[in-house]
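Could you walk me through this structure, one selection at a time? I have it open in my viewer and would like to know what to click on next and what I'll find there.

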Amino acid sequence: MNTNCDHVVDYLNGTLTAEEKQAFEQHLATCADCRELVDAVGELPYLAEPAEPPVGMKSRILANVFEEEPQKQAEPERQVKKEKTVPMVKPKARRSSWAPLIAAVLLLSLLGNAYAFFKLADEQQPATESAFQSIELQPGEAFGGSAKAAIIQEEGSLEVVVQAEQLEQLQGDEVYQIWLLKEGQPVPAGAFTPDADQQGSAYYSMTENTEGWDTIAITREPEAGNETPEGEIVLSSEI
Amino acid sequence: MEKSSDFMLYTRIQQKEKAALEQLYDRYEKILFSFLYKMTEDRDLAEEALQEVFIKLWRGKGEYDESKGKFTSWLFTMSRNSAIDLIRKQKKPSVPLDEIGDLVSPETAVEELAEWQEQKDQIQEAVSELSSEQQKMIQLFYFKGMTHETISTMCDIPLGTVKSRIRLALSKLKKTLHGVQERGAIDDEY
Ligand SMILES: [Zn+2]
């Protein structure tokens, strides 16, 4: 029995702090003793005498449960509006301005690369095989928005994360389209639309043609899916 | 079999499948309500606590995986905590020790056979092998949701030793239940 085992009573009572709880759950995963104790305690409710549930309880409870759920199902399936979920991610990154981007990467992918990115952003120390570049995009004339991009290059893959704010609202099918350019030749690299807070973000990953990009740009495109830009450039930067 | 399908249901609930939540509700309504009623001694409070449990499940608060023990252990712990919150909010005046019922209620001749009779027989037997002091600890701590302070005052034991006594009682329960289950397994073979 180690000191972690002492926490089992507090764990059952739900009086551990979030951190302690997490630590104990890790312990629980490896300590058969504690798990058996938790499971033995888990048999205690069966001591209860059968009590007849009140009439209509099921429909009341289910109605309340489903009603309580905030409406968020109807959002379009785009790679945007992920920032709302940021607080769920453990705020590990000390560079707070990057936290939403990191969160976006973690949320949008289960890629191994995301971890590398996370570590890089956290420690600000490039690992041997990957490169992390953070870019502040410059707005074009008369464009009020701003954006940051993170480009993570690893052997055989390139990830682009863009986070933009104070965006102008779009009309109709318009999207903000991200492009990577090499000697003036653009390829699409993700798109997003602003949310109610005029923010948007996108994550894009490519495994071919990952090297040699010199420019990143965002255009306001009349529609999603264009292979070459039709709209004007609103934000851009050299890479 | 039963366990993995609980886990399946739980997974589907996390994916916001209403039918899965309803199935889980149907599966555990009776035992959860009975358990919560035993704790709160109030049908309205028991219903309120039960609703909290399913709201938490639906919102995905607290995550279950098999490294945390059985699904039912996790579900019951969450339910118990909901009940404790409500009990403490109520601030009922505390009842004298001798008016608090026993951990195992005396059986009556006409007792309805519980759906969970088999588990009940086992845990009841395991509990009966504990000292009366240990049974009391479990009753006050687990079912009545009393704080360590209350238990300390009520049973006149130093606050510093309450936790270790609870832990000791639970450890003992783990052992006696294990014994009962093993004997059961042997009985089944004949
Ligand atoms: Zn342990």
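In which helix do A:Lys21 and A:Glu25 both lie, and how many residues apart are they? Select the two of them: both are in helix α2 of chain A, 4 residues apart, about one turn of the helix. Keep in mind as you go that this is a predicted model.

**Stop 1**

A:Lys21 and A:Glu25 form a salt bridge, and their closest N and O atoms are 3.9 Å apart. Now colour by accessibility if your viewer can do it. A:Lys21 is partly exposed, at 36% relative accessible area. A:Glu25 has 15%, and the cut-off for buried is under 20%, so A:Glu25 counts as buried.

A:Lys21, A:Glu25 and B:Lys68 are linked in a network of salt bridges.

**Stop 1: salt bridges between the chains**

Pick A:Asp10 and B:Lys163. Their side chains meet in a salt bridge, 2.7 Å from N to O. A:Asp10 belongs to helix α1 of chain A and B:Lys163 to helix α8 (residues 159-189) of chain B, so this pair joins two chains. Is A:Asp10 buried or exposed? With 12% relative accessibility, A:Asp10 is buried, while B:Lys163, at 30%, is partly exposed.

Now jump to A:Glu43 and B:Lys70, which form a salt bridge of 3.0 Å, N to O. A:Glu43 is in the loop between α3 and α4 of chain A, and B:Lys70 is in the loop between α3 and α4 of chain B, so here too the pair joins two chains. A:Glu43 is buried at 6% relative accessible area, and B:Lys70 is partly exposed at 25%.

How many salt bridges are there between chain A and chain B? The count is 9. Over all chains, the count comes to 19.

**Stop 2: the whole interface**

Zoom out and show both chains, each in its own colour. The contact takes in 45 residues of chain A and 58 residues of chain B. Chain A and chain B bury about 5,200 Å² between them, and 63% of that is on carbon and sulfur atoms. Across this interface there are 17 residue pairs in polar contact, with both residues at pLDDT 80 or more.

To see what chain A brings to its side, highlight four helices: α1 (8-13), α2 (18-30), α3 (32-41) and α4 (57-68) of chain A each supply at least two of the residues that touch chain B. Which of them gives the largest share of that side? That would be α4(A), with 9 residues.

**Stop 3: aromatic rings**

Hide what you have and show the side chains of Phe, Tyr and Trp.

Start with A:Tyr176 and A:Phe192. Their ring centres are 5.6 Å apart and their planes are at 25°, so the pair is stacked. A:Tyr176 sits in strand β4 (residues 175-182) of chain A and A:Phe192 in strand β5 (residues 185-192) of chain A, so the pair ties together parts that are 16 residues apart in sequence. Check the accessibility as well: A:Tyr176 is buried, at 0%, and A:Phe192 is buried, at 0%.

Move over to B:Phe7 and B:Tyr64. These ring centres are 5.8 Å apart with the planes at 75°, so this pair is edge-to-face. B:Phe7 is in helix α1 (residues 2-14) of chain B and B:Tyr64 is in the loop between α3 (43-59) and α4 (71-90) of chain B, so the pair ties together parts that are 57 residues apart in sequence. B:Phe7 is partly exposed, with 26% relative accessible area, whereas B:Tyr64 is buried at 7%.

Then select A:Tyr46, B:Phe35, B:Phe76, B:Tyr142 and B:Phe143 together. Ring pairs link them into a cluster.

**Stop 4: charges over rings**

Two selections to finish. Show A:Lys182 with A:Trp213: the charged end of A:Lys182 sits over the ring of A:Trp213, 4.7 Å from its centre. Then go to chain B, where the charged end of B:Arg80 sits over the ring of B:Phe141, 4.6 Å from its centre.

How values were computed
Residues are numbered from 1 along each chain as its sequence is written. Chains are lettered from A and ligands numbered from 1 in the order in which they are written. This is a predicted model: local features need pLDDT of at least 70, side-chain atom pairs count only at pLDDT 80 or more; totals for chains, interfaces and linings use all residues. Side-chain values use heavy atoms; hydrogens and water are left out. Rings of Phe, Tyr and Trp (its six-membered ring) pair if their centres lie within 6.5 Å; planes under 30 degrees apart count as stacked, over 60 as edge-to-face and the rest as tilted. Buried means under 20% relative accessible area, exposed over 50%, partly exposed in between (1.4 Å probe, protein chains only). A charge sits over a ring if NZ of Lys or CZ of Arg is within 6 Å of the ring centre and within 35 degrees of the ring normal. Contact means heavy atoms within 4.5 Å. Buried area is the accessible area (1.4 Å probe) that two parts lose on being put together, summed over both. A salt bridge is a side-chain nitrogen of Lys or Arg within 4 Å of a carboxyl oxygen of Asp or Glu. A polar contact is a pair of N or O atoms within 3.5 Å; within protein, one must be able to donate a hydrogen and the other to accept it, and residues adjacent in sequence count only if both atoms are side-chain atoms.
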